[in-house]
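Trainee: Could you go through this model with me, starting with how its helices pack?
Mentor: Gladly; have a look first, and then ask away.

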Amino acid sequence: MTLTSLAYRRLRIPKDAPFELRPSSPGKGWGGFATRLIKQGEQILKEEPLFVIPKPTQYITNEDLWAAFRRLTPADQGQFLLLRDNAKQPFMMSKEAFAENSFALPAKFGHGLFLVHSRFNHSCLPNATVPASSNDIITLVAIEDIMAGEEITFCYNNDFECKIRCERHKILRFVCNCKACLVGTPFQQLSDVRRRFIRGLIYLTAGAGIDGKSQDSSSSVIADHRLREAADNLSIPLSNRLIYLLLTLYLLEEEGLLDYLMRERFEPPVVVTSSLFQTESNAEIVKTAMAQKTWQGKMLIAFRLYGRHDAADESLPEMLRMLRMLRSA
Ligand SMILES: [Zn+2]
């Protein structure tokens, strides 16, 4: 065990925390491991930043970091110096070290340094998440039941359900070895196909890529230019929209990503879905589809709608444009 590893034992962790820090698999450094069963939805950790730098990452300088460090209490300075990891060399105050241990703070412009959250490893198939926060305090929440002894992981980026392995690794700047990244396995190959599909399906229903812009790299997933234009103009018929949405949910489930937060994001409320259709025969199919137990079952019935016009289609693009405007206001 290296001196660095021992240093992590001195990090301040809440007494009742349901996890411990210890070495993970080779190449991953240390990680957080459940010390008891953690139930889905349970809060694993709540943490305040050690300090905040109110600047975008690209403008943060070593001087900013030194100034923030000098303002800390001696005890907090000691905690910060425990991060000397990530190297086996003398600790250097560097932008890179800050970047590796910080999180963007949407509530307050800038980045916060979080000592303990930063110790958890990444997975493209995570069992926990760090939901968007409305203040400086961030939390780690279980998105599925986590068994005692199991490593707790979260996804470092929030759009990885739409990105294939090589795209993810380029962003992460390290090689992830989760199940979705293990080359040569049938799961990994299918995973790339599924995530590419999910990206295209989101483009078709939202008329924009995962970054909210049209004509980005997401649109190139859709080879048919007429279909792409229809997505851009929000003129994809209601029937097809429902099929794309159900297909997205089915693929997310197959990928192992349909946790309760993902369902909140994508799952259409049944009542709303049925009431959107104004052509009676379509509404009947929708009702039957939504009554099926599985996403696959719902999708298979909904396929009967493919290409069918609905009376609601006339006013749909206008309604979607208004919704989009309201969201961005
Ligand atoms: Zn991965």
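Trainee: What is the handedness of the crossing of H8 and H12?
Mentor: H8 and H12 cross in a left-handed way, where left-handed means that the near helix is turned anticlockwise from the far one by less than a right angle, and right-handed that it is turned clockwise. Before going further, note that this is a predicted model, in which local features need pLDDT of at least 70 and side-chain atom pairs count only at pLDDT 80 or more, while totals for chains, interfaces and linings use all residues. Residues are numbered from 1 along each chain as its sequence is written, and side-chain values use heavy atoms, with hydrogens and water left out.

Trainee: And at what angle do H8 and H12 pack?
Mentor: The angle is about 155°, and the axes are 9 Å apart; axes are lines fitted to C-alpha atoms, for helices over the stretch in contact, and angles run from 0 to 180 degrees between N-to-C directions. H8 and H12 are therefore roughly antiparallel to each other, given that angles under 35 degrees count as roughly parallel, over 145 as roughly antiparallel, 65 to 115 as roughly perpendicular and the rest as oblique. Helices here are DSSP runs (H or I, at least four residues), as are strands (E, at least two), numbered from the N terminus.

Trainee: Which residues meet there, in H8 and in H12?
Mentor: From H8 come Ile243, Leu246, Leu247, Leu249, Tyr250 and Glu253, and they meet Trp295, Gln296, Lys298, Met299 and Ala302 in H12, where contact means heavy atoms within 4.5 Å.

Trainee: How does H11 pass H12?
Mentor: That crossing is right-handed. The axes of H11 (residues 280–291) and H12 (residues 295–302) come within 7 Å and cross at roughly 165°, so H11 and H12 are roughly antiparallel to each other. In H11, Ile285, Thr288, Ala289 and Met290 meet Lys298, Ile301 and Ala302 of H12.

Trainee: Is H12 enclosed, or open?
Mentor: H12 is largely enclosed by the rest of the structure, because six of its eight residues are buried; buried means under 20% relative accessible area, exposed over 50%, and partly exposed in between (1.4 Å probe, protein chains only). The buried residues are Trp295, Gly297, Lys298, Met299, Ile301 and Ala302, and what covers them includes H8 (238–255), H9 (260–266) and H11.

Trainee: Lys298 keeps turning up, so which ring does Lys298 lie over?
Mentor: Lys298 lies over the face of Trp295, at 5.2 Å from the ring centre, the criterion being NZ of Lys or CZ of Arg within 6 Å of the ring centre and within 35 degrees of the ring normal. Elsewhere, Arg22 sits over the face of Phe33, at 3.9 Å from the ring centre.

Trainee: Switching to rings, how many aromatic pairs are there?
Mentor: A search of the whole structure finds nine, with rings of Phe, Tyr and Trp (its six-membered ring) pairing if their centres lie within 6.5 Å, and with planes under 30 degrees apart counted as stacked, over 60 as edge-to-face and the rest as tilted. One of them is the tilted pair of Phe69 and Phe80, 5.7 Å centre to centre with 50° between the planes. That pair links distant parts of the chain, since Phe69 is in H2 (residues 62–70) and Phe80 in H3 (residues 74–81), 11 residues apart. Phe69 is buried at a relative accessible area of 9%, and Phe80 is buried at 4%.

Trainee: What about Phe103 and Phe114?
Mentor: Phe103 and Phe114 form an edge-to-face pair, 5.6 Å centre to centre and 90° between the planes. Phe103 is in strand S5 (residues 102–104) and Phe114 in the loop between S6 (111–113) and S7 (121–122). Phe103 is buried at 16% relative accessible area, and Phe114 at 0%.

Trainee: Which residues do ring pairs link into a cluster?
Mentor: The cluster takes in Phe51, Trp66, Phe69, Phe80 and Phe98.

Trainee: Last topic, the backbone: what is phi of Arg173, and of Leu234?
Mentor: Phi of Arg173 is near 65°, and phi of Leu234 is near 60°. Most residues other than glycine have a negative phi.
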